[in-house]
Amino acid sequence: MGTHGNHKGSAFMRVKIWGARGSLPSPALPQAQEAQIRGLLQGFFEKGYQSAAQIEPYLQSLPRHSFGGYGGNTPCIEVRSSQSQVIIDGGSGLRMLGYEMMNGACARGTGVAHIVFTHFHWDHLIGLSFFTPFFIPGNQIHVYAVQPDLPEVFETVFKKPYFPVPLQHLGAKIHYHRLEPRKPFNIGDITLTPYELDHPDPCWGFKFENGGKVFSHCVDTECTRVSPEQLGPDQGLYQNVDLMIFDAQYTLMETIEKVNWGHAAASLGLDIAMREGIKRVLFMHHDPASTNEKIAAAEAQARRYYDKQLKDSRHSGNGARPVQWEFAFEGMDLEV
């Protein structure tokens with residue numbers, strides 16, 4: 001497990017986002033970084049600041065899209081408890097998580113890692129061959145998926161000419177686990193249950209439970225099924241949830257233009273969260289073509305939608321409940 005410090009209490013879950021983009025890694029261009037720095041410096045002086053001591057208060061006053069942004073790595077989520085660590089997907093964000101894990105047992109060849117896969121599109125696999133614990137003899141890496149072709153996927157990822165180190169030459173021992181749909185299983189003290197999402201290729205969300213807390217990972221879904229009747233046996237993914245991570249690659253208008261692309265808008269997740277009483281929602285899988293400003297604009301659009309739905313519910317009495325929510329960024333680390 002990575003080094004995150006001690007936590008008071010025996011039962012808890014924390015969730016950290018190591019990659020919040022979708023489809024393709026999207027590093028900032030040098031020209032865009034230069035333009036941002038110029039803008040920040042200009043804004044500093046325009047606001048009347050003059051001394052170095054005022055730099056930090058100025059930066060902290062800026063919105064997320066102006067300073068820091070949302071990150072460029074593709075999906076990788078870490079879920080940890082007092083006893084366990086589970087990684088969701090192997091996007092490019094997995095590389096940095098691997099470096100952190102090398103501060104502990106993985107560097108000594110006594111590490112154990114657990115990676116669950118939602119599906120096998122490239123943006124969820126691209127970090128696997130740069131996950132350092134794979135290359136250390138003695139490490140035990142457990143990988144899980146509902147889809148039956150998980151071993152073949154690893155054969156492809158670690159295969160010439162795509163990657164110079166073949167699977168059989170990795171130092172770590174890989175253990176494959178086939179999951180059953182909607183059947184709970186345990187990784188240490190965390191219970192996971194896979195539920196099907198709405199995606200062009202089979203894709204599964206995961207419900208995590210530990211110590212009475214519940215986290216649901218619902219990314220890479222077009223959410224064509226919204227009502228309880230439509231969701232059927234997969235409605236459980238959204239029930240009694242403390243934290244949900246949901247797909248918001250597109251604006252609502254873009255979802256109309258990109259039917260069957262397998263991604264949603266924040267408004268769809270908000271509808272479910274307000275109906276089911278989900279306490280907190282993070283939206284991610286940001287489009288690689290979206291600038292930080294466009295993501296912020298999509299968040300503002302979602303805010304208008306949410307405010308209207310909440311206002312309408314007071315008049316109609318439809319039972320929609322308030323939800324704490326925001327658009328996610330790389331590096332977020334929060335307790336469920």
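Tutor: Buried means under 20% relative accessible area, exposed means over 50%, and partly exposed lies in between, with a 1.4 Å probe and protein chains only. Strands (E, at least two residues) and helices (H or I, at least four) are DSSP runs numbered from the N terminus. This is a predicted model, in which local features need pLDDT of at least 70 and side-chain atom pairs count only at pLDDT 80 or more, while totals for chains, interfaces and linings use all residues. Residues are numbered from 1 along each chain as its sequence is written, and side-chain values use heavy atoms, with hydrogens and water left out.

Student: Which residues lie on each side of strand E2, and are they buried or exposed?

Tutor: Strand E2 covers residues 76-80, and five of its five residues are buried. On one side are Cys-76, Glu-78 and Arg-80, on the other Ile-77 and Val-79, and both faces are covered.

Student: Which strands pair with E2, and in what sense do they run?

Tutor: Two strands pair if DSSP finds at least two bridges between them. Strand E1 (residues 14-19) runs antiparallel to E2 and is joined to it by five bridges, with Ile-77 as the bridge partner of Ile-17. Strand E3 (residues 85-88) is also antiparallel to E2, over four bridges, and in this pairing Ile-77 stands opposite Ile-88. Four residues separate E2 from E3, and the two strands form a hairpin.

Student: How do the side chains of E3 point, and where does the chain go in the unit that E3 makes with H3 and E4?

Tutor: From E3, Gln-85 and Ile-87 point one way and Val-86 and Ile-88 the other, and all of them are buried. A crossover is called right-handed if, with the strands pointing away from the viewer, the path from the first strand over the helix to the second runs clockwise. Here E3, helix H3 (residues 94-101) and E4 make a right-handed β-α-β unit. E3 and E4 (residues 112-116) pair in the parallel sense over two bridges, and Ile-115 in E4 is the bridge partner of Ile-87.

Student: How many cavities are there of 30 Å³ or more, and which residues line the largest cavity?

Tutor: On a 1 Å grid over the protein atoms alone, a cavity is a set of points where a 1.4 Å probe fits but cannot get out, whereas a pocket is an open set with protein on both sides within 12 Å along at least five of seven lines; lining residues have an atom within 4 Å of a point. Grid points are joined across faces, edges and corners, and a volume is the space filled by probe spheres set on the points. The count comes to one cavity of 30 Å³ or more, and the largest cavity has a volume of about 70 Å³. Its lining includes Tyr-250, Glu-254, His-286, Asp-287, Lys-294 and Phe-327, and helix H8 (residues 292-316) gives the largest share, three residues.

Student: What is the volume of the largest pocket, and which residues lie nearest its centre?

Tutor: The largest pocket holds about 600 Å³ of space, and of its 24 lining residues Ala-28, Ala-32, Gln-33, Gln-36 and Asn-292 lie nearest its centre. Helix H1 (30-46) and H8 each supply at least two residues of this lining, with the largest share, five residues, coming from H1.

Student: What is the volume of the second largest pocket?

Tutor: The second largest pocket has a volume of about 190 Å³, and among its 13 lining residues Leu-125, Ile-126, Gly-127, Ser-129 and Phe-130 lie nearest its centre.
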